[in-house]
Amino acid sequence: MSATPNGAAAQPFVSHSIRLSLNGQDRQLDVLPWTTLLDLLREQLDLVGSKKGCDHGQCGACTVLRDGKRINACLTLAVMCDGAELTTIEGLADGDQLHPMQQAFIKHDAFQCGYCTPGQICSAVGLANEGRAHDTAQIQELMSGNLCRCGAYSNIRAAIEEVLEGKP
Amino acid sequence: MTAIGKPLDRVDGLLKVTGQARYAGEFPEERLLHGSVVSSTVAKGRVLRIDASRALALPGVVAVIDHLNRPRIASYDDAFQDDDAADGSPFRPLYNDRVLYSGQPLALVIADNLELARHAGSLVEIEYATEAFETDLLAMQEQAYASPQTPPKPRGNFQAEWSGAAVSLDLHYSTPVEHHNPMEPHASTVLYQPDGTLHIHDKTQGPQNCQAYVQKVFGLDKSQVRIFAAFVGGAFGSGLRPQYQLPLAVMASLALKRSVRVTLTRQQMFTFGYRPRTLQRLQMGAAADGRLLALGHTAIGQTSRFEDFSEHVVEWSGMLYHCDNVQLTYNLVPLDVFTPLDMRAPGAALGVIGLECAMDELACALGIDPVQLRLINYAERNQNEDKPWSSKALRECYSEGAERFGWSQRNPEPRSMRDGRQLIGWGMAGGVWEAMQMKASAKARIDGQGKLTVSSATTDIGTGTYTVMTQIAAQASGVAVEDVVFVLGDSSLPTAPLQGGSFTVSSVGTAVQQACEALTGKLLAIARQTYPVFTQAESVRFEDGQLHTGDVSVSLAQLVKDSGEDALEVQVDSEPGKKREGYSTATHSAVFVEVQVDEDLGTIKVSRVVSAIAAGRVVNPKMARSQILGGVVWGIGMALHEETQTDHQLGRFMNHSLAEYHIPVNADIGEIDVVFVEEHDEIVNALGSKGVGEIGIVGVAAAVANAIYHATGKRVREFPITLDKVL
């Protein structure tokens, strides 16, 4: 139930209970129907690694993995994630052991300010899971939903290529 | 072991790839309030009435602040003037009922959570008395007046030499409004402390600039305001001035005595400073052998009604080439818009487009190779200042860049190269940016474990400040890189200038170097007091965390213990070296570009770029290369994509989103090869390092335009060069 035309709340808003696996942990959460996954992560769970660059699905900074597939958390309502397995940037490393994509991003200096980086890395991991990118041009095309204003694109490509080719 | 010159990975890399780096709007607190800005929908007029009743009726909405109920703020301009203020009367948020531009903040809704604040903001109704406005530079250019920041005086006799030259050109170029659009939107989190002081996480390139601003605007003591900016998600100039979310968040915090966060939406990222639109005229006269006889550069830039934003647009035309008859003119047109703001290589990124496109046109008119034409007119001195260069390896940029690119294979004839339907074009341009140095301070502290902590109130906006300062400190102290921590982003640290203009390494780096050298002096004094072998030692060296003389070594940790103190500490204030005064100091570049233009569709792809850079000593080649890569990407954006379009009927920007304001994406960026040429400089500063944040962008857009001409035979002088203009 949304607000009435005069702005007053007609009745208490009903929250929904969802269960999901978040970075390997089972969580039960009460979410309001309009809360986006991104706001759930950032505002309620203090998982601020997923970034808000536009809130409109235009920049990719909020990219997370749902059941291994990359999605824009800002365009996903939290209630849609009932039963999902979610991985955010905070859940990619295995303890102190970084995910190979994280390591490759550091090695190739595939970021500068770091704000688009969690989304780039999650998107790159999703890309690897898809198995669709076989050459540089395909990586470029399939990573073009993730903007980087610092302009680290060629280093991002180098990092992804290294991981996809399985090179150290 | 030398730390400087090593391609060290970013020392803050781990935090950034694991999502642990927190940016300004990411500091939670129990009961944190959220602000949402309500923006003007008209370009000019007065606010007659703000009706916030529907917003305030929502449970959880705490307050709506506007010009009528805001806390008291200063009433004189000087309180609002910050370190990067333009001449004039700075904008004052929520000051009175006047609307000066479309998108102006008119109210701040504060609520218990973000979603509620946003929703409540949409319920605030504002009634205006609108007035006639003007936002079109082209329509108003007759009203241009001289910028208060005047370019160098004319030299020689431009008019006579230009009209009498064997070849004379008169060319007009235009560049659009562009917005910085760092990926992180501007945000301020004001954490209201129990004692009433404010701890503020702000997106800024100058924590002390924001501290002084908040202090002056709100009449607070310096001790009551502390600004933090440990991580900044890009800025490119947008954080050089305090942006309005900062005073708005402070207003709410002071009014409610609560902690408040205000984050701008992406749409609101188009409601403050930007790179101004320019109209440029280049007049060049040359002898048949290519010598430049006359050069005139006139630029008209837009500004606001309340401030005269000035940047160095035309200066470069008086310094990049030798020319004895030069006339530089820079005028402004005030419009009903917000004041422009420095944006990556402010002025140079614009003026060098005109200059370097015109040089290409001149090369074609003369039938001289573009690189050769530049060599013919090589400037051995900076004629603007009549000074020699402290160093200038631009010749090496031309030759090494051309070599890497394969320039000698170029057929000068337009439309002479193709690959199927793709017309191939090769173009080049040169670039220049000042190598400035500012006053800066730094503190160095070494503890009994031999750990060195160095600090200064600068920032790291992605440039690599954390990393390069760590390297400079390690080099100057002999402490291993792993044992050095550099602390920044806190207004309580030793004074640092704004992070801008490519002068952070030069300014803060010098302070860091001097602080560490002073610390080693202290350590050596202790060694001389404590150990006889050092008392007499003529030559000593600091290396690997130890002090050495001959075969004898003592660890720095031991020396700290010997001092009887927990730690040793030194703070220094550094100033630009006196040696600089007799010289001009600048970075230079040569950029070579290959484009592919689809003959039928007009789509343009920059397939290959070689950027050769002369910037003195490179502290960290990995980080410096990244800076240049970023600059090249920006230059490609300027050439092909970026344009904030205004609806002059409404007086507002139309494409205020990342879907419609196009910046390059991964698929737009081809191969980029960065070359740092050898350049030795003992004058610019003790590090011999000039800074690389700006030089990477300068000249790129012109090189792309020149390549497009070479591919298509078509000169496009109105930027950006979109496909409709080449078809």
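This is a predicted model: local features need pLDDT of at least 70, side-chain atom pairs count only at pLDDT 80 or more; totals for chains, interfaces and linings use all residues.
## Confidence in the model

Chain A averages a pLDDT of 93, and 92% of its residues score at least 70. One stretch of chain A calls for some care: over residues 1-9 pLDDT stays under 50. For that stretch the model has 16 contacts beyond four places in sequence.

## Chain A and its two domains

Let us begin with chain A, which is divided into domain 1, residues 16-91, and domain 2, residues 100-164. The C-alpha centres of these two domains of chain A lie 21 Å apart. Where they meet, 15 residues of domain 1 of chain A are in contact with 13 residues of domain 2 of chain A.

Which strands of chain A each supply at least two residues of the side of domain 1 that touches domain 2? They are β3 (63-66) and β4 (69-72) of chain A. Of the elements on that side of domain 1, β3(A) gives the most, with 3 residues.

## Where chain A meets chain B

Now for the meeting of the two chains: 52 residues of chain A are in contact with 50 residues of chain B. Several helices of chain A each supply at least two residues of the side that touches chain B, namely α1 (37-44), α2 (100-107), α3 (117-130), α4 (136-142) and α5 (153-164).

Which element of chain A gives the most to the side that touches chain B? That is α5(A), with 5 residues. The side of chain A that touches chain B is made up of 25 nonpolar, 17 polar and 10 charged residues.

## The build of chain B

Chain B holds 18 helices and 33 strands. Its radius of gyration is 27 Å, close to the 27 Å that the globule rule gives for 727 residues, so chain B is as compact as a globular protein of that length. Along the principal axes, the C-alpha atoms of chain B fill a box of roughly 80 × 75 × 50 Å.

Of the 727 residues in chain B, 60% count as buried. Take the contacts in chain B between residues at least 6 apart in sequence: 83% of them join residues at least 24 apart.

## A feature from the record

For chain B, an unreviewed UniProt entry places the feature "domain: Aldehyde oxidase/xanthine dehydrogenase a/b hammerhead" at residues 18-132. Over residues 18-132 of chain B, the chain is 14% helix and 31% strand. The end C-alpha atoms of this stretch of chain B are 51 Å apart.

## Some backbone details

In chain A, the loop between β1 (16-22) and β2 (25-31) holds A:N23. Phi of A:N23 is near 50°, a positive value in a residue other than glycine. A:N23 is partly exposed, with 18 other C-beta atoms within 10 Å.

In chain B, B:S502 sits in the loop between β24 (484-487) and α13 (504-530). B:S502 is a residue other than glycine, and its phi is positive, near 65°. Is B:S502 buried or exposed? B:S502 counts as buried, because it has 24 C-beta neighbours inside 10 Å. Finally, the peptide bond from B:F719 to B:P720 is cis, with omega near 0°. B:P720 lies in the loop between α17 (700-712) and α18 (723-726) of chain B.

Terms used: Residues are numbered from 1 along each chain as its sequence is written. Chains are lettered from A and ligands numbered from 1 in the order in which they are written. Helices (H or I, at least four residues) and strands (E, at least two) are DSSP runs, numbered from the N terminus. The radius of gyration is taken over C-alpha atoms; the globule rule is 2.2 Å times the number of residues to the power 0.38. A residue is buried if 20 or more other C-beta atoms lie within 10 Å of its own, exposed if 12 or fewer, and partly exposed in between; C-beta atoms are placed from the backbone. Two residues are in contact if their C-beta atoms, placed from the backbone, lie within 7 Å. Domain bounds come from an automatic or database domain assignment. Ala, Val, Leu, Ile, Met, Phe, Trp, Tyr, Cys and Pro count as nonpolar, Asp, Glu, Lys and Arg as charged, and the others, Gly among them, as polar. UniProt positions are given in the numbering used here, feature names are shortened, and annotations may be inferred rather than shown by experiment. pLDDT is the predictor's confidence in each residue, from 0 to 100.
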